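Q: I would like to learn how to read a structure one feature at a time. Could we start with the helices and work inward from there?

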Amino acid sequence: MLFIYVYTYIGANKMNNDIKVELEGRQIQNCVKGDPNLLKQVFMNLIDNGIKYGRNGTRLVIKNKIQKRTNDLIITFEGISEPFSSNEPIFEIGYRAKSAQNRTSSGSGLGLHICKLIIENVYTGTITAHHSSSGTTCFEIRIPNGFKK
């Protein structure tokens, strides 16, 4: 339900750069225990970044699943965006990727740092990011003890 709320909010209020936000498997309600407002903040930050730094006319695809072996809830945000290298500290406070520093969009470098703090400290999970040579960026969140509702 939280995914649908955030998806609806972003879809209604943040459509920039002709980027289409798509939520795959919206009928599946995977869950974790914790503060939904903090998780909502993480989702909104990642979607907002996907829209700000995504390439015009592309899609931001959000997927979620429960990994059967570990019961981790895995959430991915994937789209075509500004490049960054694997050695850039994109989750550090105040950091903006080199390719994003020249953009006029507002950004203080706090969003990804906040996401990392919430996922690691509140949910004891992990958040990672990868940018491929094809131009695709993928953020992956893993939260232990996921379950289906």
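Q: What span should the 18 residues of H2 have, and how far apart are its end C-alpha atoms?
A: This is a predicted model, so each value here is computed from its atoms. At 1.5 Å a residue, H2 should span 26 Å, and its end C-alpha atoms are 26 Å apart, which agrees.

Q: How many of the residues of H2 are buried?
A: Buried means under 20% relative accessible area. In H2, 13 of the 18 residues are buried, so the helix is largely enclosed by the rest of the structure.

Q: Which residue caps the N-terminal end of H2?
A: Aspartate 35 does, with a side-chain oxygen 2.8 Å from the backbone nitrogen of asparagine 37.

Q: Which residues of the largest nonpolar core have the most contacts inside it?
A: In soluble globular proteins, nonpolar side chains tend to be buried together. Here the largest nonpolar core has 30 residues, and those with the most contacts inside it are Val42, Leu46, Phe77, Ile141 and Ile143. Two or more core residues come from each of strand S1 (20–23), helix H2, strand S3 (59–66), strand S4 (73–80), helix H3 (111–122) and strand S6 (136–143). The most come from H2, which gives 6 residues.

Q: What is isoleucine 143 in contact with, leaving aside its neighbours within four places in sequence?
A: Its contacts are Val32, Leu39, Asn71, Asp72, Leu73, Ile119, Tyr123 and Gly125.

Q: Which residues of H3 are buried?
A: An α-helix has 3.6 residues a turn, so residues three or four places apart point the same way. In H3 the buried residues are Leu112, His113, Cys115, Ile118 and Ile119. They pack against H2, strand S5 (126–131) and S6. H3 has 12 residues and reaches 16 Å from its first C-alpha to its last, close to the 16 Å expected at 1.5 Å a residue.

Q: How many disulfides does the structure hold?
A: A disulfide is a covalent bond between the sulfur atoms of two cysteines. This structure holds 0 disulfides. Cysteine 31 is buried, with a relative accessible area of 16%, and cysteine 115 is buried at 0%.

Q: Which residues have a positive phi?
A: Most residues other than glycine have a negative phi, and most peptide bonds are trans. Among the residues with a positive phi are threonine 124, which follows H3 and has a value near 45 degrees, asparagine 71 at about 65 degrees, and asparagine 145 near 65 degrees.

Q: Where are asparagine 71 and asparagine 145?
A: Asparagine 71 is in the loop between S3 and S4, where it is partly exposed, with a relative accessible area of 39%. Asparagine 145 lies in the loop between S6 and strand S7 (147–148) and is exposed at 60%.

Q: Is histidine 131 buried or exposed?
A: Histidine 131 is in strand S5 and is buried, since its relative accessible area is 14% and the cut-off is 20%. A polar contact of 2.6 Å joins its side chain to the side chain of threonine 137. Not counting residues up to four places away in sequence, histidine 131 touches Ser81, Glu82, Pro83, Phe84, Thr136 and Thr137.

Q: How far apart are leucine 23 and lysine 63 in sequence and in space?
A: They are 40 residues apart in sequence and 6.3 Å apart in space, C-alpha to C-alpha. Leucine 23 is in strand S1 and is buried, with a relative accessible area of 10%.

Q: What share of the contacts with a separation of 6 or more comes from residues 24 or more positions apart?
A: Such residues account for 66% of those contacts in the chain.

Q: What percentage of the residues of the chain count as buried?
A: Of its 149 residues, 42% do. The chain exposes about 8,400 Å², and carbon and sulfur atoms supply 51% of that area.

Technical notes:
Residues are numbered from 1 along each chain as its sequence is written. This is a predicted model: local features need pLDDT of at least 70, side-chain atom pairs count only at pLDDT 80 or more; totals for chains, interfaces and linings use all residues. Side-chain values use heavy atoms; hydrogens and water are left out. A nonpolar core is a set of buried Ala, Val, Leu, Ile, Met, Phe, Trp, Tyr and Cys residues joined through side-chain atoms within 4.5 Å. Buried means under 20% relative accessible area, exposed over 50%, partly exposed in between (1.4 Å probe, protein chains only). Helices (H or I, at least four residues) and strands (E, at least two) are DSSP runs, numbered from the N terminus. Contact means heavy atoms within 4.5 Å. A disulfide is a pair of cysteine sulfur atoms within 2.5 Å. The expected span of a helix is 1.5 Å times one less than its number of residues. A polar contact is a pair of N or O atoms within 3.5 Å; within protein, one must be able to donate a hydrogen and the other to accept it, and residues adjacent in sequence count only if both atoms are side-chain atoms. Accessible areas come from the Shrake-Rupley method with a 1.4 Å probe; for residues, only the protein chains shown count as cover.
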